[in-house]
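Subject: Structure handover

Hello,

Here is the structure you are taking over.

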Amino acid sequence: MDRTFYPRSRRVAPFFAMAAVSALLIAGCSSGSGGKESEEGGADSSAGKADTARMKVALVTHQAPGDTFWDIVRKGAQAAADKDNIELIYSADPNAGTQANLVQNAIDQKVDGIAITLAKPDAMKDVVAKATKAGIPVVGLNSGLSDWQSLGLMSFFGQDESVAGEAFGKRLNDVGAKKAVCVVQEQGNVGLEQRCAGVEKTFEGDTEILNVTGTDMPSVKSTITAKLKQDTAIDYVVALGAPYALTAVQSVADAGSKAKVATFDLNKELTDSIKSGDIEFAVDQQPYLQGYLAVDSLWLYKNNGNYSGGGEEAVLTGPAFVDAKNVDAIAKFAAKGTR
């Protein structure tokens, strides 16, 4: 399996700097689609639990209802919580203002730590400052590589979306693509925009952006279908998440297009589609690892004063390519919901 980690313009701490963290694949509780309501988990789990004082940690993301990517993040976070004797409280909303309110709720609950995503960092700036003022350590994951330090977060776990996009664009060159449409499911999400910008930077063919409403999958399908019918020169659909890639496969068939589909991110169904040839390849950022390391880092900080990445550099969890050559090696983990 290609586990190449692509270089960045500045130093980063690789994810294996956390090698002291054990049992990364402990089975956690599976989750539903998330949403506005907070959920607690792991309170009754005792196997392998740390003997340190009970902690309460909030994980607050920008998950949209039905986006199964976040189930994998939550599974990793819950595995760390179970191991570390942490009560994990999960809440999510794709609306940035509502997400900020959820962080405020966590502050009001006097949690011991907060892990957040920064899809729209400007909306999170004030509430992060409030958490810091309240003495609550905050770490970032998944979205916000360019902003976590300026907002005063302690650590960050994720991939460099620009680097991932650039690697994707080079891969399109390798397979001989000529025109790609990059499907953005959430306008204003800095990470998604960086992915498409990275593709456009290195791809030698033409790149077009197609904005869709990610919370309305029938609309996503019809919009992609219409675009493929309108522009028959498109030979690659670039999806920015597994559910949207699987929908794009249906759009290609409905449009009678010969375009191929490739994507960022994985889930079980996506790995099955790579096996069948419906999806050409995917970029994996290891969301399970993001959730696990974010929660575990808060336990390490409280109990041993550790700063992941030294508090200065992000801890990268990707990107790496998954295709027909290596998909069998990770499919068994995807089937468990951990990849």
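Two notes on how to read the rest. The model is predicted, so local features need pLDDT of at least 70 and side-chain atom pairs count only at pLDDT 80 or more, while totals for chains, interfaces and linings use all residues. Residues are numbered from 1 along each chain as its sequence is written, and side-chain values use heavy atoms, with hydrogens and water left out.

Strand β6

Two strands pair if DSSP finds at least two bridges between them. Strand β5 (residues 113–116) runs parallel to β6 and is joined to it by three bridges. One of the residues involved is A115, whose bridge partner in β6 is V139. Strand β7 (residues 156–159) also runs parallel to β6, with two bridges between them. Here G140 stands opposite F156 of β7.

Which residues of β6 (residues 138–141) point one way, and which the other? V138 and G140 point one way, V139 and L141 the other, and all are buried. Buried means under 20% relative accessible area, exposed over 50%, and partly exposed in between (1.4 Å probe, protein chains only).

The disulfide

The structure holds one disulfide, that is, a pair of cysteine sulfur atoms within 2.5 Å. C182 and C196 form it, with their sulfur atoms 2.0 Å apart. C182 lies in strand β8 (residues 179–184) and C196 in helix α5 (residues 190–202), so the link ties together parts that are 14 residues apart in sequence. The angle about the S-S bond is -85°, and the link of C182 and C196 is left-handed. C182 is buried at 0% relative accessibility, and C196 is buried with a relative accessible area of 2%.

Around D231

D231 sits in the loop between α6 (217–230) and β10 (236–239). Is D231 buried or exposed? D231 is buried, with a relative accessible area of 11%. Not counting residues up to four places away in sequence, D231 touches K179 and E208; contact means heavy atoms within 4.5 Å. The side chains of D231 and K179 also make a polar contact (2.4 Å). A polar contact is a pair of N or O atoms within 3.5 Å; within protein, one must be able to donate a hydrogen and the other to accept it, and residues adjacent in sequence count only if both atoms are side-chain atoms.

Regards

How values were computed
Helix = DSSP H or I, 4+ residues; strand = E, 2+ residues; numbered from the N terminus.
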